[in-house]
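User: I would like to learn how to read aromatic pairs and charged patches. Please walk me through them.

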Amino acid sequence: MRPVGGAADPPVAVIDLGSNSIRLVVYERLARAPVPRFNERRFCGLGRELEATGRLAPGAIGPALRTLRRYAWLARAAGCERVDIVATAAVRRAADGAAFVGEVEATTGERVWVLSGPEEARTSAMGVRAGFHRPTGFVGDLGGGSIELARLGVEEEPIEGVSLPVGALAVAEALRRGRDRAEALVESVLAEFPELRGAARGRPFYVVGGSWRSLGRAHMALADTPLKVVHGLALSPAELVRLCRELAALDERARARLPGVSRRRLDLVPAGAFLLERVVRLLEPERVVFSATGLREGRLYESLPPAERLLDPLLAGCADLGVRDGRTAAIGPAMAAWTAPLFAFEEPAEARLRKAVCLVSDTAWREHPETRARDAFFTLAHYPLLGVDHAERAFLAYALFCRYEGRREDPAVARIVGLLDKPERRRAAALGAALDLAYRLSGGVAAVLEACRIRREGGALLLEVDHPAVDPQDEAVTGRLDALVAALGLDRAEIRTPAGPA
């Protein structure tokens, strides 16, 4: 398995050749938590006439070929040794799809992978598996030409997927001709899959695809949520249905004023909302979770070694970030080991977040001291981390804010911190205080930190110091130790050295 943070690994690219748009994403490297370094999309509409003619839209073929040639050139120029062009519903269903693939391969010099419906469903579900921590439930991916649905089991269980031959483009056209036409079209397709009735009951439904993500972004803007990160946003079915009905009813002028949705997606908002409401009613999930990862990330995830696929995406991503932006690779893991005795009774989910904070605890060292705490807070709150929901993002950001001695009452961070309950805020503040002390003791040097052991003993906090680089009588050390005692709710602190109490 490649080491985490393998900076020498080359970037990789995936070009998603869809029915409505073509997107290039260049990722820093093939990794458990891949980070995009370039992301561009063009709406070509290859599948916009597919239902009427059975062929790709003639006016879209030229722009599509030019876009694909540009994307392939950019990916190779960026140093990508691997460029995957993945084609979906429009190309696989069109009578001239195979001929178009030949033109693409001749134009770009790259191979095109045309996914079957079940393959597309499985790959999108793999993307959700890549983006969340041990997800189970159902995955739905809305494209311009189809909807892929897949049952997602635990870890490496096989994924069962189906493709519904109706997408945002066909439904948008049907809605323009009348709501009854759209109802008849969608109901006729759903009737062919009776096994899906209630299939997600009691489990989450992860939604993928640009048109469905746009609905999540619209919700965040309309509800003015503290975080504007769509990945991990969760709504109840009732909330989702209300949102879909509100968005589906908007006229063209109202859609143009809709916040959080790109201009080129506006025409498909009613169709996306119309379809999502009906799929949610069909599957009957416990909650609906929006995913920023899907087919492209699933394509990369499938290429990872089996052992690497089992890594926690949050911890893998934080480890990469810590190595990339921290001063040393060793300090994050050392902080995780050092803080563990202070939180001996934490739950596994709490330990996971603590380790994540420790791994990124030195990433803001380049920032100006006067703004460092806020900069660290907002960077981590919005960083493209995987495997976290909004409350967990708030915990990570607030703990890092406290590590850099941010003011607890700072109004700039209050709304996002408000996603945490009081025990979570106290735990984040205590972790931040522990890290603040640890960095003061060690100067960010792992070998020094390992000589400064800390633990609870009854109502006391005991710090054992055995390194010449540490002055146990330094007021900056004793002051931070007292702050940690208060944050942990203990009675007193005691410092011990080889010669006895300091």
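Analyst: We take the aromatic rings, then a charged patch. This is a predicted model, where local features need pLDDT of at least 70, side-chain atom pairs count only at pLDDT 80 or more, and totals for chains, interfaces and linings use all residues. Residues are numbered from 1 along each chain as its sequence is written, and side-chain values use heavy atoms, without hydrogens and water.

User: How many aromatic pairs are there by this rule?

Analyst: A pair of aromatic rings is described by the distance of the centres and the angle of the planes. Rings of Phe, Tyr and Trp (its six-membered ring) pair if their centres lie within 6.5 Å; planes under 30 degrees apart are stacked, over 60 edge-to-face, the rest tilted. The count here is five. Take Phe-377 and Phe-378: the centres are 5.0 Å apart and the planes at 85 degrees, so the pair is edge-to-face.

User: Is Phe-377 buried or exposed?

Analyst: Buried means under 20% relative accessible area, exposed over 50%, partly exposed in between (1.4 Å probe, protein chains only). Phe-377 is buried because its relative accessibility is 0%. Phe-378, at 30%, is partly exposed.

User: Which helices hold Phe-377 and Phe-401?

Analyst: Helices are DSSP runs (H or I, at least four residues), numbered from the N terminus. Phe-377 sits in helix H17 (residues 372-382) and Phe-401 in helix H18 (residues 390-403), 24 residues apart. Their rings pair edge-to-face, at 5.8 Å and 75 degrees. Phe-377, Phe-378, Tyr-398 and Phe-401 form one aromatic cluster.

User: Which residues form the positive surface patch?

Analyst: Patch residues have over 30% relative accessible area and no salt bridge; like charges are joined within 9 Å, nonpolar side chains (Val, Leu, Ile, Met, Phe, Trp, Tyr) within 5 Å. A salt bridge is a side-chain nitrogen of Lys or Arg within 4 Å of a carboxyl oxygen of Asp or Glu. Here the members are Arg-42, Arg-66, Arg-69, Arg-263 and Arg-264. Arg-69 lies in helix H2 (residues 58-77) and is partly exposed, at 42%.

Conventions
Areas by Shrake-Rupley, 256 points an atom, 1.4 Å probe, with all protein chains shown as cover. Lys, Arg positive; Asp, Glu negative; His and termini not counted. Charge placed at Lys NZ, Arg CZ, Asp CG, Glu CD. Helix = DSSP H or I, 4+ residues; strand = E, 2+ residues; numbered from the N terminus.
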